Amino acid sequence: MMSVPRYWRELPERSRFEGFRCTKCGTVSYPPRAKCLKCGSDSLIAYKLPERGRVVTFTIVRSPPKGFEKMVPYVLGVVELEDGTNVTVQITDVEPEEVRIGMPVEAVFRKVCEDGDAGIIEYALKFRPSI
Ligand SMILES: [Zn+2]
C-alpha cells in the first residue's frame, strides 16, 4: 500500500478494482504499475479484477509504518483471485487469529489513513471473509 503509484491514488473512481494486464505476456499487475513485472513491456491495458478469491498466505503485522499505528495488529495477506491473479492486500473484518489459509474472501474499499496536514483521505482495497 505504501508504494501505490501516484496515478492510482489520484483515480477519481475509488471503487474500481482494476489492475493492468500485459498485452504481450498476459501477466496481471496489481496495484497498477508502469511496466509489466514479468517481461518489462509497457504495453498494458486496464483489467477488471475478480472481487472474490481465497487467502493463499498471510502475516499478522504488529509494527506498522507511519500512519498505520492505530490499525495494529492487522493482517496482510496474499489472495488468489478467481482468475488466478495473486494480490497482496489487507484482510479486514476478522480477528487476526481467525484468518485461515484457503479462507474465501471478497473485495471491499476502506479508508486507510487520513493525512492531517493535507486533509487527504486515502482509500485502499481490502478483503474481508465472504460467506
Ligand atoms: Zn508482460
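Modeller: Two strands pair if DSSP finds at least two bridges between them. The strands themselves (E, at least two residues) and the helices (H or I, at least four residues) are DSSP runs, numbered from the N terminus. This is a predicted model, in which local features need pLDDT of at least 70 and side-chain atom pairs count only at pLDDT 80 or more, whereas totals for chains, interfaces and linings use all residues. Residues are numbered from 1 along each chain as its sequence is written.

Biologist: Which residue does Arg-21 stand opposite in S3?

Modeller: Arg-21 faces Ile-45 there. S1 and S3 are antiparallel and share five bridges.

Biologist: What does S1 (residues 18-22) do on the S2 side?

Modeller: S1 is joined to S2 by two bridges, and these strands also run antiparallel. Phe-20 has Ser-29 of S2 as its bridge partner. The two strands make a hairpin with five residues between them, and Gly-26 in that turn has a positive phi of about 85°.

Biologist: What is the strand order in that sheet?

Modeller: The order is S2-S1-S3, in an open sheet of three strands with antiparallel pairing. S2 (28-29) and S3 (44-48) are the edge strands, each pairing on one side only.

Biologist: Is S1 mostly covered or uncovered?

Modeller: S1 is mostly covered, with four of its five residues buried. A residue is buried if 20 or more other C-beta atoms lie within 10 Å of its own, exposed if 12 or fewer, and partly exposed in between, with C-beta atoms placed from the backbone. For the protein chain, buried residues amount to 19% of the 131 residues.

Biologist: Stepping back, how many helices and strands are there?

Modeller: There are one helix and eight strands, in the pattern α-β-β-β-β-β-β-β-β along the sequence.

Biologist: Where is the confidence lowest, and where is it highest?

Modeller: Confidence here is pLDDT, the predictor's own estimate for each residue, from 0 to 100. Helix H1 (residues 6-9) is lowest at a mean of 53, while S4 is highest at 95. The chain averages 83, and 79% of the residues score at least 70. Where pLDDT is low, the predicted coordinates should not be read in detail.

Biologist: Now the core. Which residues touch the most other members?

Modeller: A nonpolar core is a set of buried Ala, Val, Leu, Ile, Met, Phe, Trp, Tyr and Cys residues joined through C-beta atoms within 7 Å. The largest one has 15 residues, and those touching the most other members are Val-55, Val-79, Val-87, Val-89, Ile-91, Val-105 and Phe-127. Two or more residues come from each of S4 (52-61), S5 (74-81), S6 (86-91), S7 (104-115) and S8 (120-129). At least three residues come from each of domain 1 (1-49) and domain 2 (51-131), with domain bounds taken from an automatic or database domain assignment.

Biologist: Why does Val-89 count as buried?

Modeller: Val-89 counts as buried because 24 C-beta neighbours lie inside 10 Å. Val-89 sits in S6. Two residues are in contact if their C-beta atoms, placed from the backbone, lie within 7 Å. Leaving out residues up to four places away in sequence, Val-89 touches Gly-77, Val-79, Leu-125, Lys-126 and Phe-127.

Biologist: And what is Ile-91 in contact with?

Modeller: Beyond its neighbours within four places in sequence, the contacts of Ile-91 include Val-55, Phe-58, Val-99 and Val-105. Ile-91 is also the bridge partner of Val-75.

Biologist: How many bridges join S5 to S6?

Modeller: Six bridges join these antiparallel strands. They form a hairpin with four residues between them, where Gly-84 in the turn has a positive phi of about 95°. S4 and S5 pair antiparallel over eight bridges, with Arg-54 opposite Glu-80.

Biologist: Which residues of S5 are on the covered face?

Modeller: Val-75, Gly-77, Val-79 and Leu-81 are on the covered face, and Tyr-74, Leu-76, Val-78 and Glu-80 on the uncovered one. In a regular strand the side chains alternate between the two faces of the sheet.

Biologist: Last topic, the loop between S6 and S7. Is Asp-93 buried or exposed?

Modeller: Asp-93, in that loop, is exposed because it has 12 C-beta neighbours inside 10 Å. Its phi is near 60°, a positive value in a residue other than glycine. Pro-96 belongs to the loop as well, and its 15 C-beta neighbours inside 10 Å make it partly exposed. Apart from residues up to four places away in sequence, Pro-96 touches Ile-60, Pro-73 and Val-75.
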